[in-house]
Amino acid sequence: MSEAADATATFYDRFPEEARIIRASFLGAFLAFAIGTTFGIIQTLHRTGIARPFSSVDYYTFLTAHGVFLVLSFTIFFLVGLFTWALVRSLDRPLVDRRFTWAWYGLMATGMTLTGITILAGFTSAVDMSADVLFTFYAPLQAHSLFYGGLAVFLVGTWLAGLDWWRTFLAWRREHPDERIPLQAFMVLTTMIMWYIATSAIAISVLVFLLPWSLGLIDTVNPTLTRTLFWFFGHPVVYFWLMPAYLLWYTVLPSIAGGRLFSDPLARVVFVLFLLLSTPVGIHHQYLDPGIAEGFKFVAMTNTMFLLLPSLLTAFTVVASVEYGARVRGGTGLFGWLRVLPWRDPAFTGMMLAGLMFAAGGFSGMVNAGMNINYLIHNTIWVPGHFHLTVGTAVALTFMAVTYWLWPQITNKPIYSKPIGLAQVVLWFAGMALMSNAMHAQGLLGTPRRTAEPEYAGFDYGTAFGGFQELNLQIAVGGTILFISAMMFLSNVVLTMGNDRTDGLGVTIAEPISGSDDAPLVLDNIRLWGGIAVLLVILAYVLPIAAIISRGGLFGPGGDAYPMMLEMGSRTASQAIDAITSGWS
């Protein structure tokens, strides 16, 4: 942003039309957050046996809605709003064509509405459609065609959002041919290149296989192929959620702490590494899939280990930046500088706690990534425990925390209550610590995930961590605290919307200690890094996918879909297992 800009001017003052678009995106995210967290607490209480007002058949509808509304709708709607803010703010120019912007927002909203309607229709027999396929939507589970159609429309909307940001960047480049790409714009553009690469596989899966299959245009699909295409997308989508959090940790958090980003070049290196490494690793989700050779799994494991590097660089850079701010504030000593940080600010505390939880999630993620120890926890509740630390806290808590800082910038309305905000982010951290800890402990015992009934008949869970029911209670208590925190956040936002507009809310983001001029020019060559990323994906996936197709055929060996419509919900558990296993045979 221009140095001459008035420090008291907000984003709303400078770009009121873009601020409207960002608010609409955030409100869409918050609506999805409200729906998803409501289904989450129902699901938690059901699985732990605390309260079961609905049948176990409906549990899978709740589980699907919880996943889709939170990890797709909430995160991505917030992302497009945040990226619009970051790009416009850092380039200091408006979007090229706001009508185009509203068009992609409309596509995203329409697509997610269609998908949501299809999921929620599973609660009633009055409508002949359902989509109880969970978040991991691949064969042999089959949803109604409207579910896949809505996802396709939503996906196209995100593609057009990226195109909108690229068009705006290219317009800026023509005006500033010799300037370095501003850091926030660089982060947005590299993230979108990764997104285009990652979503190519899920687009093929939906448009070529799943949607025609659900429409009856083809009789069968290859389950291993659709599963592989999903995880081609399913792992980098985690970084699509995380990279906005990284953007905030790098550029906003140091300024709130009263300091400056330690190193612009290191931040650029991290985003380049994520672009290169986030996609060629998805097969590590398929270590137990018999249709993929062990050698390919080993390659995926090795690639996954390289992802430690950008995470470690982030930990170093962000902590160094925050410490610099603390020492500017007068902090001294080895740890004494921690005391002078603005812990009463919910934006700062929330993002710091999110980063701390992400570190814990990184350790549990190492277990997921290793082939040998993955066998211990594969498809157990350990895995949801892990991604509730990463996506459920590192991402979600960062998004909630930064709302307390960013919402006044896009509305000129002060936050209704920062003390409530502070209590809310602390409660989210505490609730997630309880729930995720118990999930990890149960996962080590072999407790399955994706099930309404987590206990095997006639099997006693013996554990050094406490009784199984004690762990269930911990999950229920943690989930309840999370739901209370979510309602506090939403209430604070709604009450803030009722505040009057006021002046003087503008804030600035300080320039890094080591700026963009210290970064090698090659880092700004996004075309080069995108090309290398595509090459790495080809090397990682062409042979495995060719082997899957040669072994099982492009459209698979046959087998029934499950579930197809609502009447399938009346099947017994043994019939359901037979239907699923026949799809893999």
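R52 comes out as partly exposed, at 37% relative accessibility. I note at the outset that I am working on a predicted model.

**Entry 1. The partner of R52.** I looked for what the R52 side chain meets. It forms a salt bridge with the side chain of E453, at 3.0 Å from N to O. E453 is also partly exposed, with a relative accessible area of 42%. I then checked where the two residues sit. R52 is in the loop between α2 (16–47) and α3, and E453 is in the loop between α16 (418–444) and α17 (468–497). The pair is 401 residues apart and links distant parts of the chain.

**Entry 2. R268 and D524.** I counted salt bridges next; the structure holds 12. One of them joins the side chains of R268 and D524, with 3.0 Å from N to O. R268 belongs to helix α10 (residues 264–277), whereas D524 lies in the loop between α17 and α18 (526–552). These two are 256 residues apart, and again distant parts of the chain are linked. Is R268 buried or exposed? R268 is buried, with a relative accessible area of 0%. D524 has 14% relative accessibility and counts as buried, because the cut-off for that class is under 20%.

Entry 3. I turned to E294 and K297, whose side chains meet in a salt bridge at 3.2 Å, N to O. Both residues lie in helix α11 (residues 294–306). They are 3 residues apart, about one turn of the helix. The two ends of this bridge fall into separate classes of accessibility. E294 is partly exposed at 43% relative accessible area, while K297 is buried at 2%. I also looked for salt bridges that share partners, and found R180, D264, R268 and D524 joined into one network.

**Entry 4. α11 against α12.** I stayed with α11 and looked at how this helix packs on helix α12 (residues 308–328). The packing angle is about 15 degrees, and the axes are 4 Å apart. The two helices are therefore roughly parallel to each other. On the α11 side I listed T304, M305 and F306; they meet L308, L309 and P310 of α12.

**Entry 5. α3 against α4.** Next I took helix α3 (residues 56–91) and helix α4 (residues 98–120). Their axes come within 10 Å and cross at roughly 170 degrees. Angles over 145 degrees count as roughly antiparallel, so α3 and α4 fall in that class. I wrote down some of the contact residues: α3 contributes, among them, T61, A65, F69 and I76, and α4 contributes residues including W104, Y105, M108 and M112.

**Entry 6. α15 against α17.** How are helix α15 (residues 382–411) and α17 packed? I get an angle of about 10 degrees, with the axes 11 Å apart. That makes α15 roughly parallel to α17. M400, T403, Y404 and W407 are the α15 residues that meet F489, N492, V493, T496 and M497 of α17.

**Entry 7. L482.** I remained in helix α17 to look up L482, which has its place there. L482 counts as buried, at 8% relative accessibility. Which residues does L482 contact, leaving aside its neighbours within four places in sequence? They are W428, G431, M432 and M435. I also took a distance to P212, which is 270 residues from L482 in sequence; the C-alpha atoms are 39 Å apart.

**Entry 8. L341.** This leucine is in the loop between α12 and α13 (346–369). L341 is buried, with a relative accessible area of 5%. With its neighbours within four places in sequence set aside, L341 is in contact with A257, V322, A326 and F348.

**Entry 9. A surface patch.** I204, L207, V208, L554 and F555 make a nonpolar patch of about 400 Å². I located I204 in helix α6 (residues 183–215). I204 is partly exposed, with a relative accessible area of 41%.

Conventions: Residues numbered from 1 in each chain as written. Predicted model: local features only at pLDDT ≥ 70, side-chain atom pairs only at ≥ 80, totals over all residues. Heavy atoms only, no water. Patch = residues over 30% accessible without salt bridge, like charges linked within 9 Å, V, L, I, M, F, W, Y side chains within 5 Å. Areas by Shrake-Rupley, 256 points an atom, 1.4 Å probe, with all protein chains shown as cover. Salt bridge = Lys/Arg side-chain N within 4 Å of Asp/Glu carboxyl O. Buried < 20%, exposed > 50% of the residue type's maximum accessible area, 1.4 Å probe, protein only. Axes fitted to C-alpha atoms, helices over the stretch in contact; angles between N-to-C directions. Parallel < 35°, antiparallel > 145°, perpendicular 65-115°, else oblique. Contact = heavy atoms within 4.5 Å.
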